[in-house]
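Biologist: Can you walk me through the model on screen? I'd like to start with a strand and then look at some side chains.

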Amino acid sequence: INGANRRGGTRVYFDESTQTRIYVHAEGYDGQQVSFCPGSAFASATNSIVFCHDEIFPDIIAHEYGHAVTNCVYNPGGTCQGIESGNVPTKALSEAFSDVNGEAFEYHQTGSADWMAGSLHVNGPTRDLINPHDFIDEWGYRYAQRFYDEYFDCTDSPNTGGYYANATVIGHAGYLLSEGGSFNGCDVQAQ
C-alpha cells in the first residue's frame, strides 16, 4: 500500500496527500489532560493520528496507522472518513487488523512481539491476543477467541457493541499464524 490513502500518506487533500500528520499531546489547551488521554486515535475528521505523550510505542503507532489504512480502504473514494459507528462487524475487523499490524511492526522494530495490544500503554495492555479469555476489560467483559465463543458479543454492550471484544477472534488467529500453537483441538503450525 502506498500510504493509507494510496498516495503516500493519510491526508485527502491533493496538495497534502503524501503527508501523514501525527500529533502528540502532553496536555490539553487549558493545561489539563486531553480528554482522550490516556489513549490514541486515528482522527478521521482530520485524517491525522493523535497520541498522548506517554504512548509512543511501536505497536500503538502501527495500530493507529492500521486504522488509517482500514478507513481509507473502507471508503475507496479517497475520503478516509472512517467506518460508521453502527457497523460493529466492520469495526471489529478494523480493530483486529490494527492489533495484528501493531504486533507485526513491534516485531519489525524490536525483533520480538509480545502479542499484547498496547503492552507498554500507561494503563497496561488493552487486549491479549495469545489468550483473549484471560483479559478482562474496564467494563468487566472478557474477550472472544472464536466466533461461536461464549464471550463473542452481539449485544449493544458498553464495550461499544462488542467490536473490541470481538476483534480478538482475528487477532488470536494472527497470533497462531505467526507463532503456532494449539487451538480448538488442532495444532497450528507457524507460517
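Modeller: Strand β3 (residues 48–52) is mostly covered, with five of its five residues buried. Strands here are DSSP E runs of at least two residues, helices are H or I runs of at least four, and both are numbered from the N terminus. Buried means under 20% relative accessible area, exposed over 50%, and partly exposed in between (1.4 Å probe, protein chains only). This is a predicted model, where local features need pLDDT of at least 70, side-chain atom pairs count only at pLDDT 80 or more, and totals for chains, interfaces and linings use all residues. Residues are numbered from 1 along each chain as its sequence is written, and side-chain values use heavy atoms, with hydrogens and water left out.

Biologist: Which residues of β3 sit on each side?

Modeller: Ser48, Val50 and Cys52 are on one side, Ile49 and Phe51 on the other, and all are buried.

Biologist: What is the bridge partner of Ala41 in β3?

Modeller: Val50. Strand β2 (residues 40–43) pairs with β3 in the antiparallel sense over four bridges; pairing requires at least two DSSP bridges.

Biologist: Switching to His172, buried or exposed?

Modeller: His172 counts as buried because its relative accessibility is 5%. His172 lies in helix α3 (residues 163–179).

Biologist: What does its side chain reach?

Modeller: The His172 side chain reaches the backbone oxygen of Ile130 at 3.1 Å.

Biologist: And Phe105, what does that touch?

Modeller: Phe105 touches Pro58 and Ala62, leaving out residues up to four places away in sequence; contact means heavy atoms within 4.5 Å. Phe105 is in helix α2 (residues 88–110).

Notes: Polar contact = N/O pair within 3.5 Å; in protein donor to acceptor, adjacent residues only side chain to side chain.
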